[in-house]
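Please keep the sequence and the structure at hand while reading.

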Amino acid sequence: MRFKTSMLAEPRHHDTVTAVGWCNTDEIFSISDDHTILRWNLMSQEQEKVVDLGPDVFPVDLHWVPRDLSSAPAAQKKGGTMGGEIFVVAAADGKFYMMNKVGRVEKTVEAHKGAVLSARWSSDGSALLTAGEDGALKMWSRSGMLRSTLVQGNSSIYSADWGPTSAEVVYSQRKNIIVKPLQPNSKPNSWKGHDGPILTLAWNSNNRFIASGAEDCRYRIWDRYGRMLYNSTAHDYPVTAISWSPSGDKFAVGSFNTLRLCDKKGWSHSLEKPNTGSILRIAWSNDGTQVAGACSNGHVIFAHVIEKRMEWNHFEATLTGRKTICVRDVMSDVWEKLEFQDRIIMTSFAYGFLIVATTGQCFIYSSRNWNTPLIFELKEGNVHLILQSSQVFALVDGNGVYIYTYEARLQSSPRWSGMRLDSVSEQTMSLANDTLACRDSDNEKVIQLMDATTGKAVTDKPFTHKCDVLELALDQHLPASQRKLAFVDANKDLFLLTTRRVGGSRKVLRLGMMVHSLCWSAQANMLAGLQESRLSVWYYPAVIFVDKELLTKTILQKESPDFGKNPSISAFGGSQVSLRRSDGCQVATSISPYPAVLHNYVAQEKWDDAVRLCRFIKSDSLWGCLAGMATVARELETAEIAYSCIDQADKVEYLRYIKDLSSAEAQAAELTLLAGSPLDAEAILIHTNQVFRAIMLNIQLYQWDKALAMAVKYKTHIDTVIAFRKKYLERFEKEETNQLFLQYKSMDADWNKIILKVQVEMQKERVDAASVGQSVSNTYGINWPVASGANVNIEDESDVF
């Protein structure tokens, strides 16, 4: 992609333009050292003077109150002027001026001793941050009342910005960058950012990256802890302006006669050389499609993002203009030109459908027919994110999330408590056919899981992780009951979460460490991630819920010097993973095609073909995947074959025992136990009213207190638990010290009665199994002592343990 720039032939200001700001997507305000504020209408191409500030006022910065105050407190919405109607002008006289869009000054505040060099509203418009030539950093209320002086230094603060959640701020002093939390008694984090004075800073709320530019002629990307993620080559002149797009996927850099469009990783998309002088400020429109720049020669430069490319299979779609998209079939070299009446603000191309959102409508194009799109009206023309799955897609704007089918039918509009959508991105929101996952904006440890069909929460409470979540993604190929969510937390740990409750609780397990990029395969249930500079592909990540020992057998790890430093995954389809290096180069690497073929066979329940494939390839990775898939599908014969081929004799014996169990519920419990989840196994048995099996499960696991508590609760088999406890103590020659069991010390362990009761349980299971055509095994995996004279068909063992 690149910028398409435009300027008037002659400047409208008579002196340096110091700042610009977007009132809305078609209207810009500019301020200048000629003491005037101009309004620029992009639709009519007209300019008009809003107000003359007077000869003593030299404006330095301008910032509008955010238009989207849907997440602001109700008190802010009542009375007064709403967002998008008020802007602040910082001036060299040490004051800032709150003004409305017709140029009337609502309030004047003496803020600093010396020039006010920066003024920024918080994301919800409730607070104002000002930085001054006097070295002070101050926070003000929306009405202009001083809340606190955050910093009082000895050197000028040239630039400052709010953090992603407005709970911390970043500012520059000389060559240093300082991140200061707003909580009392919290320590700031400071580091040397450049070799010259830092002139500009910007902190994005979506990707959490800090961009800086300085007199050393470089721009750099940082995380909040001071780790440098990108360092540019030296420009010819100091970097004077830097600004993130609202979505955080790109940013713009301004210098002398230079305007650069960059990816969020730092590498450059394009470089423009307009005749502007130094670009002192850059402002993005709310929809992230265009920028305006304040130029030292009196011009205001406008730039529109074009040539954005999207690919799907053998189609390539390119945004060639503000209202034009060209689609090319690379197989037949056939071109289609799509023209729109309104300006295009957001596009997405996946699963054979091109979704185009303009300022007033949404268009749904099928790759089978480009001539007749489905069209529906948009409530607001500020869509800032489009997500797609194979059956539905989601539009996200400032007011909500709207999930549509590809027939243009609104399916649901999920909402949750405290929903804020101003900072969501593809990294923090994910869509599958039946599930929507979104990181909560107020608490980044919380993941909201919504049903895409009904718009309601999947469970009563959202999932809460132990630390902040950085990135998340839903798998696209499992059924709703098995849907998995992969996410990376602040410690760079990769976790896999079941979106639906299994056995009464959600499961979340760690897949890997030091992961900084992830992507699900478009064709199969495989997951790719980058661990430092090493590519890891989990052929069947859900195997961790089946048998953790199989996880290491089903991972491909690949290293190559071609990956470079800090790469990211851009696409994963079929047997190819596409990586984007830190310098912007695209690198493709291949993996084995056979795991995807195996997934396809299993999805079609072609188990014999799956076994033949594994025998032909003779790969432990494939056998491990098949063992896990067959175990989940209860294809125990296939699972037994797969485990035997990877020398897991103990698992083979255990599967044979499970095959002989009397009921499907008991088999499910034992398979859950195989996966290392005894609590879920117990829950399955209790839910299906197999209390005795649940008691015996705890006995086998030596969970004596739970076994006794369960027997007392359900008033059954208390003597059985006591008898097994006594046997256990006799074998290890111990005395009873457990107070729960001491109260039953006088109870006799009558094995005759116990085994007769067991016979009743077994007979009940035989009847239940016969009603559904199942055979019945002998016992509960326990070697039983024989009762004298009892007519039972139980193994003759004298010792239970």
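## A pair of facing residues

Which residue in S55 does Gln576 stand opposite? The residue opposite Gln576 is Ser590 in S55. The model in which this pair is found is a predicted one.

The pair belongs to two strands that run antiparallel: strand S54, residues 576–580, is joined to S55 by 5 bridges. Both strands are part of an open sheet of 3 strands, ordered S53-S54-S55 and paired in the antiparallel sense. Strand S53 (568–573) and strand S55 (586–590) are the edge strands, as each of them pairs on one side only. From one strand to the next, the twist averages 25°.

## Confidence in the model

For the protein chain, the average pLDDT is 87, and 92% of the residues score at least 70.

Another open sheet consists of 4 strands in the order S1-S28-S27-S26, with antiparallel pairing. Its edges are formed by strand S1 (2–6) and strand S26 (279–284), each of which pairs on one side only. On average, neighbouring strands of this sheet are turned by 25° against each other, direction ignored.

Within this sheet, 5 bridges pair S1 with strand S28, residues 300–306, in the antiparallel sense.

## A hairpin

Strand S31 (residues 324–329) and strand S32 (residues 334–339) run antiparallel and are joined by 6 bridges. Asp329 stands opposite Val334 in S32. Together, S31 and S32 form a hairpin with 4 residues between them. In the turn, Asp333 has a positive phi of about 60°.

## A loop residue and its contacts

Val458 lies in the loop between strand S43 (446–451) and strand S44 (463–464). Although 41 residues separate Val458 from Thr499 in sequence, the two are 7.6 Å apart in space, C-alpha to C-alpha. Which residues does Val458 contact, leaving aside its neighbours within four places in sequence? These are Leu449, Met450, Asp451, Thr499 and Arg500.

## Helices H5 and H6

Two packed helices are described by the angle between their axes and the distance between the axes. Helix H5 (residues 636–645) packs against helix H6 (residues 649–659) at an angle of about 170°, and their axes are 9 Å apart. Because angles over 145 degrees count as roughly antiparallel, H5 is roughly antiparallel to H6.

H5 passes H6 in a left-handed crossing. On the H5 side, Leu636, Glu637, Ala639, Glu640, Tyr643 and Ser644 take part in the contact. They meet Lys651, Val652, Leu655, Arg656, Ile658 and Lys659 in H6. By class, the contact of H5 with H6 has 6 nonpolar, 1 polar and 5 charged residues.

## Helix H9 and its two partners

Helix H9 (residues 691–700) packs with helix H10 (residues 704–714) at an angle of about 160°, their axes being 7 Å apart. H9 and H10 are therefore roughly antiparallel to each other, and H9 passes H10 in a left-handed crossing. Val691, Ala694, Ile695, Asn698 and Ile699 in H9 meet a set of H10 residues: Trp704, Lys706, Ala707, Met710, Ala711 and Tyr714. Classified by residue type, the contact of H9 with H10 has 9 nonpolar, 1 polar and 1 charged residues.

The other partner is helix H11 (residues 718–731), whose axis comes within 11 Å of the H9 axis, with a crossing of roughly 15°. H9 passes H11 in a right-handed crossing. In this contact, Phe692, Ile695, Met696 and Ile699 in H9 meet Thr720, Val721 and Phe724 in H11. The contact of H9 with H11 has 6 nonpolar, 1 polar and no charged residues.

Note on methods. Residues are numbered from 1 along each chain as its sequence is written. This is a predicted model: local features need pLDDT of at least 70, side-chain atom pairs count only at pLDDT 80 or more; totals for chains, interfaces and linings use all residues. Side-chain values use heavy atoms; hydrogens and water are left out. Axes are lines fitted to C-alpha atoms, for helices over the stretch in contact, and angles run from 0 to 180 degrees between N-to-C directions. Angles under 35 degrees count as roughly parallel, over 145 as roughly antiparallel, 65 to 115 as roughly perpendicular and the rest as oblique. A crossing is left-handed if the near helix is turned anticlockwise from the far one by less than a right angle, and right-handed if clockwise. Contact means heavy atoms within 4.5 Å. Ala, Val, Leu, Ile, Met, Phe, Trp, Tyr, Cys and Pro count as nonpolar, Asp, Glu, Lys and Arg as charged, and the others, Gly among them, as polar. Two strands pair if DSSP finds at least two bridges between them. pLDDT is the predictor's confidence in each residue, from 0 to 100.
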